[in-house]
Amino acid sequence: MNDQVVVRGHVPALDGVRGLAILLVFLFHSMNGNIESVGWFSWIATRAVAMGWTGVDLFFVLSGYLITRSLWPGRGAANYYRVFYGRRALRIFPLYYAVLIGVLMVAAWRHAPYSFDTQILFWLNLSNLATAFAPSLIGSLSSFWSLAIEEQFYFIWPSILRHINEKYLVRISITLILIPLGLRNLPTIPHLLMRWPDLVYRLTFFRVDTLAAGALLAFVTLKHPEALRHRATIRAMFWGSGLLYGLLCFAKQPSHLHVVRFGYTLLLVCFTSLVALSLSGSGPLTAIFSNKWLRRMGDYSYCFYLLHIFPIIYLIHRPWIRAAVTSRLHLSVNLVAVLIALAQFGVTFALCALSYHFIEHPLSKLKKHFKFRRSNENVMHA
């Protein structure tokens, strides 16, 4: 077997991992709650779709890894912050604010404008602080909370990488993994969740562990790339944590509290192991995630994440539409749910293809103007 591992440069399989993440999230939002449990297969499908929210955690781990890996070579660059934030702005802001403005304009057109107090946290990428207490504050932007967490991480993490001594960075990452685990197991958490079910799910200090896990993986693989050759151990971590998490979710009476206390950490181990396995130059997972279609989904994932609720699900996926299609065509409720999800997927995919080729890809070419430079102006390629 080829023992080649990839820790620098572009890793195609990671595009496929991102594609898997967005597919999980899409399935959750398009089909969760829309499948009737009428047999063993639909029961399994119901539980499987309900786990689709975990795609967000996979995004977090991947983001922590990629950001840390890309910043590491430029820590000593004179234009360190300009390069990082310039690239991030090109990638994130145009689409983010285009969708935000579109949603607010539609709301105003429908004579239901949102107040400035409601909007401001979305404009400032702090929406998770509000939606932790009121998840449907702006329903068609409900998925923006995870983008807010990533932006908050991007605001702090580059400074930590630049100024903290290298030998302490691993310790900081481990600490950022352990602290949220401890917070999620505080005695007061069950009482808080009874009042605000999304509190732990959306507040940054409860969720930063996944980003820190990705960063830890970056540190380990950059300094000790040979660690990725221990595939048997990594696979055992992946399957072991995944199966334990599956037992939590497929139990006859799954406990939300158990998922909060232990499930998030199991997912962290599972997805960090998955990313680690994908960095290998060979193996079945690398082959799967290097698939062209899955990688294309990874290319479209950011736009897909922004658009898959508004306008697609928000405007198309309504109970009366499902009822009308079911009664007119005499189809089962579950089949109608699948057909509507496929229609949603097709429309969203087409919009994202247009966005990628006419907006995102042209903007990405501007990143050539943001390259790390030492004080003597020698270019450093990240």
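Predicted model: local features only at pLDDT ≥ 70, side-chain atom pairs only at ≥ 80, totals over all residues.
**Entry: H4 and H17**

I began with helix H4, residues 80–109, and helix H17, residues 333–364, and I found that their axes come within 9 Å and cross at roughly 140 degrees. That angle makes H4 oblique to H17. I also noted the hand of the crossing, which is right-handed where H4 passes H17. When I looked up the residues that meet, I found Leu90, Arg91, Pro94 and Leu95 on the H4 side, and Ser355, Glu360 and Leu363 on the H17 side. Sorted by class, the residues of this contact between H4 and H17 are four nonpolar, one polar and two charged.

**Entry: H1 and H13**

Next I turned to helix H1, residues 12–31, and helix H13, residues 256–278, which pack at an angle of about 150 degrees with their axes 9 Å apart. The crossing of H1 and H13 is right-handed. From H1 I listed Ala13, Leu14, Val17 and Leu20, and these meet Leu274, Val275 and Ser278 in H13. The contact of H1 with H13 has six nonpolar residues and one polar residue, and I found no charged residues in it.

**Entry: H8 and H13**

H13 came up again in my notes, for helix H8, residues 166–184, packs with H13 at an angle of about 155 degrees, and their axes are 8 Å apart. Angles over 145 degrees count as roughly antiparallel, and therefore H8 and H13 are roughly antiparallel to each other. The crossing in which H8 passes H13 is right-handed. I wrote down Ile177, Leu181 and Arg184 as the residues of H8 that make the contact, together with Val260, Arg261, Tyr264, Thr265 and Leu268 of H13. By class, the contact of H8 with H13 divides into five nonpolar, one polar and two charged residues.

**Entry: the largest pocket**

I then looked up the largest pocket, for which I noted a volume of about 1400 Å³. Its lining is made up of 43 residues, and those that lie nearest the centre of the pocket are Arg18, Leu66, Arg88, Arg91 and Lys367.

Which helix supplies the largest share of the lining? I found that H3 does, with 10 residues. Helix H3 covers residues 55–71, and the helices that each supply at least two residues of the lining are H1, H3, H4, helix H7 (144–163), helix H15 (292–316) and H17. Finally, I recorded the classes of the lining residues of the largest pocket, which are 20 nonpolar, 10 polar and 13 charged.

Conventions: Residues numbered from 1 in each chain as written. Heavy atoms only, no water. Axes fitted to C-alpha atoms, helices over the stretch in contact; angles between N-to-C directions. Helix = DSSP H or I, 4+ residues; strand = E, 2+ residues; numbered from the N terminus. Parallel < 35°, antiparallel > 145°, perpendicular 65-115°, else oblique. Left-handed = near helix turned anticlockwise from the far one by under 90°. Contact = heavy atoms within 4.5 Å. Nonpolar A, V, L, I, M, F, W, Y, C, P; charged D, E, K, R; others polar. 1 Å grid on protein atoms, 1.4 Å probe; cavity = no way out; pocket = protein on both sides within 12 Å on 5 of 7 lines; lining within 4 Å. Points joined across faces, edges and corners; volume = space filled by probe spheres on them.
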